[in-house]
Amino acid sequence: MIKDNCSPYYRCACYCSFKLLRIRKTLSLNKYMLIQWYPGHMHKASKEIKQTLHQIDIVIEVLDARIPFSSQNPMLSRLRGDKPCIKVLSKSDLADPNITQQWQSYLEQEQGVKSIAITVEQPDKIRNLTDLCHKMLPEKSGTDRLINTLIVGIPNVGKSTLINILAGRVIAKTGNEPAITKMQQRIAIGNGIVLMDTPGVLWPNVENKNSGYRLATTGAIKDTAIDHEQIADFAAEYLLVHYPDLIKERFNLIELPSSSSVLLDAIGKSRGCLRSGGKVDRDRVSKILLAELRSGMIGRLSFETPVMMEQELAELLIIQAEKAAKKEARKSKHKKPT
Ligand SMILES: Nc1nc2c(ncn2[C@@H]2O[C@H](COP(=O)(O)OP(=O)(O)OP(=O)(O)O)[C@@H](O)[C@H]2O)c(=O)[nH]1
Ligand SMILES: [Mg+2]
C-alpha cells in the first residue's frame, strides 16, 4: 500500500517495483557484476569528439550488428542533436540476419536516422555509404562544398576497416583487438566527402549490466579488463536459450546441456582442456568458447533484439527509481526536524 503523503520518488519506486516483479521473471540483470572499461585515452577521445562535432555535417555511428543497442554511445545521442546520422551495423556477417533487419527498422524510427548493415564481405555495399551521405544532405550535394563526416563507435567495431574500404587503400591501422586507433585522423576520400576516423570509445558508466557483458562477449572490451570465465558463463547461458541447435552442432552434443556450467564442462572435456586430476580448466575453455563465438564459428548470432532491450530499459528505469527513492529516504532521515 502506498502512503498518500510519500515523496514522488517513493511513489514512483513502489509503482515500478510492482512492474519489476513481473519483468524479473524473464530477466536476470542482477546476476552479473558491472563491467567498466574507460581508460584515459577514451576520456580524451570523447572530449575531442565533442569538440569536433560542430564542424561535422553527418555522423556515421558504427554499431556492432550483434549488439546494436549495447554498442550505441549514450553520450553521442545527446550531443548529436538533430544532425543527420547513419547507423552502420557492422560485422553483419556475424549477426543473425532476421534480427539485424528488426534493428534496422527500429533504429530508423528515430528522426534523421538511416541505417545500413555492412560486412567486409560486401565492399560494394559499404561504398553506397557515400551516396547515402549525399542523399541525406541535399543542400551540400552537387555543390563544391565538402561533406564532413565523423566516424564514431565502440572499440574494435570495424571503423578503420570501413574507412579503408571507402578510401580504396589502407590509410587507417586495423587489428582484431580493441583500442588500435589512438588519435583522430582526417581523410579525404574523394566524391566530396571527408571522413574523420576516431579512436573507439566506451562510456564511463555502462548502466545496464547485460550491455557490459554483451560488449565483453563480442570483443569490445580489452581482454585484460575482463574475467573470461564470467563472460563465457554469460554467453553460454544466452546461447543455450537462444541458439540451442547451433550449440549442439558446433560442439557435437547429442543432448542440450542443462546449464552453462554443464555446457562449459562438456566443451572442456571434448577439447582436452583438463587440469591434473581430470578437472576442466575453466579459464582455457572459456577462452575457446569466446574465440569461436567472436569469429563466427558457432554461427550467426545476435545478442539482443529491440523487444529485449525495451524490457531491459524498463527494468533499468525501475532500478534507478528504487535507488533515487532510497537516497531520498536516507536524506529525509538525516534532516533535522524544523
Ligand atoms: N567478421 C568481420 N570482421 C570485421 C568486419 N569489419 C571489421 N572486422 C574485423 O574487426 C577487427 C577490428 O577492426 P578495426 O577496423 O580495426 O576496428 P576499429 O573500430 O577501428 O577498432 P579501434 O580502432 O580499436 O577502435 C579487425 O580484425 C577487422 O578485420 C566485418 O564486417 N566482419
Ligand atoms: Mg580503428
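Okay, let's start at the ligand. There are 23 residues around ligand 1, and the ones that come nearest are G158, T174, N176, T181 and G200. Keep in mind that this is a predicted model, so everything I say here is computed from that prediction.

Now over to the strands, and strand 4 is the one I'd like you to look at. It covers residues 147-153, and six of those seven are buried, so the rest of the structure largely encloses it.

Who are its partners? On one hand there's strand 1, residues 58-64, which runs parallel to strand 4 and is joined to it by five bridges. If you want a pair to click on there, take V62: its bridge partner in strand 4 is G153. Then there's strand 6, residues 193-197, again pairing with strand 4 in the parallel sense, over five bridges.

Last thing, confidence. The protein chain has a mean pLDDT of 87, with 89% of its residues at 70 or more. Where does pLDDT stay under 50? Over residues 1-27. The model does have 31 contacts beyond four places in sequence for that stretch, but do look at the pLDDT under 50 alongside them.

That's me done, over to you.

Key
Residues are numbered from 1 along each chain as its sequence is written. Chains are lettered from A and ligands numbered from 1 in the order in which they are written. This is a predicted model: local features need pLDDT of at least 70, side-chain atom pairs count only at pLDDT 80 or more; totals for chains, interfaces and linings use all residues. A residue is buried if 20 or more other C-beta atoms lie within 10 Å of its own, exposed if 12 or fewer, and partly exposed in between; C-beta atoms are placed from the backbone. Helices (H or I, at least four residues) and strands (E, at least two) are DSSP runs, numbered from the N terminus. Two strands pair if DSSP finds at least two bridges between them. pLDDT is the predictor's confidence in each residue, from 0 to 100. Two residues are in contact if their C-beta atoms, placed from the backbone, lie within 7 Å. A residue is near a molecule or strand if its C-beta atom, placed from the backbone, lies within 6 Å of it.
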